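Me: I would like to go through this structure and ask what stands behind each term used for it. Please set the values against the definitions.

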Amino acid sequence: MLEQSLLAILEEIKPKDETAMEEARKHWLNIAKPLFSLGKLENAVIDMAGMKGTCDYRIDKRGLLIFCADNGVVEEGVTQTGQEVTAIVADNFTKNATSVCHMANIAKANVIPIDIGMVVDVESITKKDLKVSYGTKNMTKEAAMTREEAVRAILIGIDSVKRCKEAGYDILATGEMGIGNTTTSSAIASLLLEKPVELVTGKGAGLTGEGFERKIQAIKKAIDLNKPDVSDPIEVLAKVGGLDIAGLVGVFLGGARYHIPVVIDGFICAVAALIASRINPVAREYMMPSHVSKEPAGQMLLKALELEPYITCDMCLGEGTGAVAVLPLLDMGLAVYRQMSTFADINIDNYEVFDE
Ligand SMILES: Cc1cc2ncn([C@H]3O[C@H](COP(=O)(O)O)[C@@H](O)[C@H]3O)c2cc1C
Ligand SMILES: O=C(O)c1cccnc1
């Protein structure tokens with residue numbers, strides 16, 4: 001039943017608008033500067049025109065959707081800190097007191113935390129209708145969640161984009177908070193990228209050598225036990241994923257459905273983006289890269305998504321820090337595109353344009 005609703009939404013996803021993109025391309029060629037000289041920023045502006053269906057747009061109102069959830073696999077000793085940190089940091093999102101809050105202030109992005117599955121309720125955030133469950137199960141012992149829960153979380157993610165669209169948001173950035181979510185992300189990355197667990201697993205928020213070994217073994221055990229069908233991305237998500245990742249999958253699908261660019265943050269968000277693109281390949285057209293996570297699978301995931309990062313800063317913090325970091329860069333690209341004089345304005349004969 002829920003999956004029918006998801007399928008109906010997926011059918012409404014359309015590719016980017018080629019006409020708008022062509023108009024944006026033409027406008028760049030008229031701007032009085034060396035041709036193609038803003039590189040990826042020019043492409044970003046063109047891509048966003050395609051997503052929004054117009055070459056005349058702004059990205060003034062920006063939101064950072066941060067999905068917060070807990071992961072049962074934390075029981076296996078795969079993290080440096082305890083599960084209680086999820087709720088503490090989540091609460092701090094509302095107090096302008098986390099790393100990403102300080103960065104989002106500079107990028108002028110509104111921080112929007114969503115409790116989709118923390119083990120406790122946090123008064124400042126939790127809304128019962130957005131909470132799928134109180135944490136996932138330990139995936140080394142059973143499936144992390146049911147397929148229905150995964151689909152419900154995806155639908156919540158999609159609906160959050162719909163509500164942002166109604167509230168006038170022009171662009172959305174993605175973020176997450178969930179102790180243990182690099183373990184679930186590595187499990188998914190190993191399956192979807194068909195790479196050995198060792199190659200796609202890193203130290204997350206920090207681990208000793210022993211903890212790192214436990215993390216690798218836990219991921220292998222979870223995969224062996226659950227044996228997800230890799231051709232079914234929702235099954236992979238349900239069996240060895242997390243509710244934060246599931247909500248983010250919905251955000252990427254929602255961006256495509258509601259024509260809003262969605263900026264991918266680091267490792268965890270890129271895993272969600274890859275699942276979304278496996279559910280519906282057209283969704284990829286509405287994804288914007290940001291940085292490349294220092295986690296071992298960071299680069300591999302972007303390659304699988306056929307996206308190139310705008311910045312390489314060796315960041316691996318999560319919360320959406322990488323995604324908000326590129327918003328000022330996109331602003332700069334769009335400022336030149338919208339405000340810069342054309343060759344005609346300053347009386348320069350436009351030269352004949354060849355393809356790059
Ligand atoms: C204080 C603190 C703040 C964070 N903010 C983001 N993360 C990041 O670390 C977590 C993933 O790493 P792992 O899988 O090793 O638990 C996620 O919550 C992620 O957003 C944090 C982690 C900590 C400890
Ligand atoms: O790149 C990320 O998203 C990341 C890496 C480690 C810990 N938290 C987030």
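**From the chain to its parts**

Reply: In the protein chain, 78% of the contacts between residues at least 6 apart in sequence join residues at least 24 apart. The model is a predicted one.

Me: What makes the radius of gyration of the protein chain agree with a compact globule?

Reply: A compact globule of 356 residues would have a radius of gyration near 21 Å, and the protein chain has 20 Å, so the value agrees. Along its principal axes the C-alpha trace spans about 70 × 40 × 40 Å. Buried residues make up 53% of the 356 residues, and the chain has 14 helices and 5 strands.

Me: Why is C68 called buried?

Reply: A residue is buried if 20 or more other C-beta atoms lie within 10 Å of its own. C68 has 29 C-beta neighbours inside 10 Å, so it counts as buried. C68 is found in strand 1. Leaving aside neighbours within four places in sequence, its contacts include T86, A90, I114, M177 and D244.

Me: How far apart are the C-alpha atoms of C68 and N350?

Reply: They are separated by 52 Å, and the two residues are 282 apart along the chain.

Me: How do you know that strand 1 and strand 3 pair?

Reply: Two strands pair if there are at least two bridges between them. Strand 1 (residues 62-69) and strand 3 have 7 bridges, in the parallel sense. F67 stands opposite E176 in strand 3.

Me: And how do you know that strand 3 and strand 4 pair?

Reply: The cut-off is at least two bridges, and strand 3 (residues 171-177) and strand 4 (residues 262-263) have 2 bridges, in the parallel sense. The bridge partner of L172 in strand 4 is V262, and that of A173 is V263.

Me: What makes strand 2 and strand 5 edge strands?

Reply: The open sheet has 5 strands in the order 2-1-3-4-5, with parallel pairing. Strand 2 (109-117) and strand 5 (287-288) each pair on one side only.

Me: Why is strand 3 called mostly covered?

Reply: Of its 7 residues, 7 are buried. I171, A173, G175 and M177 point one way, while L172, T174 and E176 point the other way, and all of them are buried. In a regular strand the side chains alternate between the two faces of the sheet.

Me: What makes helix 9 largely enclosed?

Reply: In helix 9 (residues 233-240), 7 of the 8 residues are buried, so the rest of the structure largely encloses it. The buried ones are P233, I234, V236, L237, A238, K239 and V240. What covers them includes helix 6 (147-166), helix 7, helix 8 (209-226), helix 10 (243-258) and helix 11.

Me: Which residues of helix 4 are buried, and what do they pack against?

Reply: T86, A87, V89, A90, D91 and F93 are buried in helix 4. The buried residues of this helix pack against strand 1, helix 5 (99-107), strand 2 and strand 3.

Me: Which members of the largest nonpolar core touch the most other members?

Reply: They are L64, L172, V249, F252, V271, A272 and V324, out of 118 residues in that core. Helix 11 (residues 267-279) gives the largest share of the core, 11 residues. Not counting residues up to four places away in sequence, V324 touches L64, V100, M103, A104, A107, A109 and A173. In soluble globular proteins, nonpolar side chains tend to be buried together.

Me: Which residues come nearest to ligand 1, and what elements supply its shell?

Reply: Of the 17 residues around ligand 1, T79, T182, G204, A205 and G318 come nearest. Helix 4 (84-93), strand 3 and helix 7 (181-193) each supply at least two residues of the shell. Helix 7 gives the most, with 3 residues. The shell divides into 6 nonpolar, 9 polar and 2 charged residues.

Me: How does the shell around ligand 2 divide?

Reply: It divides into 5 nonpolar, 5 polar and 2 charged residues. The residues around ligand 2 include T182, G204, D265, F267, E295, C316 and G318.

Key
Residues numbered from 1 in each chain as written. Chains lettered and ligands numbered in written order. Predicted model: local features only at pLDDT ≥ 70, side-chain atom pairs only at ≥ 80, totals over all residues. Near = placed C-beta within 6 Å. Nonpolar A, V, L, I, M, F, W, Y, C, P; charged D, E, K, R; others polar. Core = buried A, V, L, I, M, F, W, Y, C linked by C-beta atoms within 7 Å. Buried ≥ 20, exposed ≤ 12 C-beta atoms within 10 Å, placed from the backbone. Helix = DSSP H or I, 4+ residues; strand = E, 2+ residues; numbered from the N terminus. Contact = placed C-beta atoms within 7 Å. Rg over C-alpha atoms; globule rule 2.2 N^0.38 Å.
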